[in-house]
Amino acid sequence: MATEATTTKLHNSDFRAVPPPPGYLPEITVAPHDGLHFWQFMIAGSIAGCVEHMAMFPVDTVKTHMQALGSCPIKSVGVRHALRSVLKSEGLPGLYRGIGAMGLGAGPAHAVYFSVYEVCKKYFSGGDPNNSAAHAVSGVFATVASDAVFTPMDMVKQRLQLGNGTAYRGVLDCVKKVLKEEGFGAFYASYRTTVLMNAPFTAVHFATYEAAKRGLIEISPESASDERVMVHATAVQKDGYKGLMRGWIPRILFHAPAAAICWSTYEAAKSFFQELNACTESGTIT
């Protein structure tokens, strides 16, 4: 009887939750890792890379032509001049010459890029999501690995972009001719330079991105459990080499939206896999 009375009291409808005091904000916790499988990071990264590079390919073509034309001993080349040059000589299809090579390289390279970063971040951070040094070091490891995959196809892509449709008939023809005339080493001729250029940028990029993402989520606590696309797009908009090399204007025009597209797509893909894993563990999906 005593137990019955106690139970009745505990379930009394008069008990109500105490409202939080004014100005109270719930504690925001950032998970040290996303809890995905290695293959899920690879697929998410591959999707992000393909979406980014396919969407931004015309801008990349203009950037490549600016850098090539700007290396000649003539006046500096602007965006409009490079764009007119491509359209005049090849028409609209010229902006997409070499997109096949980009498609072949972007998917695998970004799969390596993001999966290596996530694995290294988990290893080096020691469970601390605020460890910027771990994010920077993980970014360097990621770019060294991904550039080894991407550099060969990037070389093929650039040659097709600048070939005016006469030097090479396509991706396979370009690969065959380079192997025959220059050897395998030609595919990695720019690898060291690429890594030396990308490593410092990527270290700063990842450290800044993770810090900016946390800061933006803290500003809007209600979205802490729902990392919206806008958060990821805003956290990467300040990227760009800005004057480190010829063609910095199209580089900034390329990297800001490209990074926003890439990271938003990557985080969206990760969210999908997180929900899929949660449904699988709960038995919703068998």
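This is a predicted model: local features need pLDDT of at least 70, side-chain atom pairs count only at pLDDT 80 or more; totals for chains, interfaces and linings use all residues.
Q: What share of the residues counts as buried?
A: Of the 286 residues, 42% count as buried, a term that means under 20% relative accessible area, with exposed being over 50% and partly exposed in between (1.4 Å probe, protein chains only).

Q: And what share of the contacts joins residues at least 24 apart?
A: Taking contacts between residues at least 6 apart in sequence, 73% join residues at least 24 apart; contact here means heavy atoms within 4.5 Å.

Q: On to the largest pocket: what is its volume?
A: Its volume is about 1,100 Å³. A pocket is an open set of points on a 1 Å grid over the protein atoms alone, with protein on both sides within 12 Å along at least five of seven lines, and lining residues have an atom within 4 Å of a point. Grid points are joined across faces, edges and corners, and the volume is the space filled by probe spheres set on the points.

Q: Which residues lie nearest the centre of the largest pocket?
A: Phe150, Asp154, Thr194, Met197 and Asn198 do, out of 43 residues that line the largest pocket. Two or more lining residues come from each of helix 2 (38–70), helix 4, helix 5, helix 7 (191–219) and helix 9 (248–282), and the largest share, eleven residues, comes from helix 5.

Q: How do the lining residues divide by type, and which domains do they come from?
A: The lining divides into 19 nonpolar, 15 polar and nine charged residues, where Ala, Val, Leu, Ile, Met, Phe, Trp, Tyr, Cys and Pro count as nonpolar, Asp, Glu, Lys and Arg as charged, and the others, Gly among them, as polar. At least three lining residues are drawn from each of domain 1 (36–67 + 74–96) and domain 2 (105–218), with bounds that come from an automatic or database domain assignment.

Q: Now helix 5: is His135 buried or exposed?
A: His135, in helix 5 (residues 132–162), counts as buried because its relative accessibility is 2%. Leaving aside neighbours within four places in sequence, His135 is in contact with Tyr117, Lys121, Pro129, Phe206, Ala207, Glu210 and Arg214.

Q: Where does Lys121 sit, and what does its side chain pair with?
A: Lys121 is in helix 4 (residues 99–125) and is buried, with a relative accessible area of 6%. A polar contact of 3.4 Å joins its side chain to that of Glu118; the term covers a pair of N or O atoms within 3.5 Å, where within protein one must be able to donate a hydrogen and the other to accept it, and residues adjacent in sequence count only if both atoms are side-chain atoms.

Q: What does Ala142 touch?
A: Ala142 lies in helix 5 and is buried at 0% relative accessibility. Beyond neighbours within four places in sequence, Ala142 is in contact with Tyr113, Val116 and Tyr117.

Q: And which residues is Val112 in contact with?
A: Val112, found in helix 4, is in contact with Ala145, Ser146 and Val149, leaving aside neighbours within four places in sequence. The C-alpha atoms of Val112 and Phe41 are separated by 8.8 Å, though the two are 71 residues apart along the chain.

Q: Switching to helix 6, which of its residues are buried?
A: In helix 6 (residues 171–181) the buried residues are Asp173, Cys174, Val175 and Val178, and what covers them includes helix 5. Helix 6 is followed by Gly183, whose phi is positive, near 90°.

Q: Last one, what does Phe254 touch?
A: Phe254, in helix 9, touches Glu52, His53, Met56, Val59 and Asp60, not counting residues up to four places away in sequence. Phe254 is buried, with a relative accessible area of 4%.

Notes
Residues are numbered from 1 along each chain as its sequence is written. Side-chain values use heavy atoms; hydrogens and water are left out. Helices (H or I, at least four residues) and strands (E, at least two) are DSSP runs, numbered from the N terminus. On a 1 Å grid over the protein atoms alone, a cavity is a set of points where a 1.4 Å probe fits but cannot get out, and a pocket is an open set with protein on both sides within 12 Å along at least five of seven lines; lining residues have an atom within 4 Å of a point.
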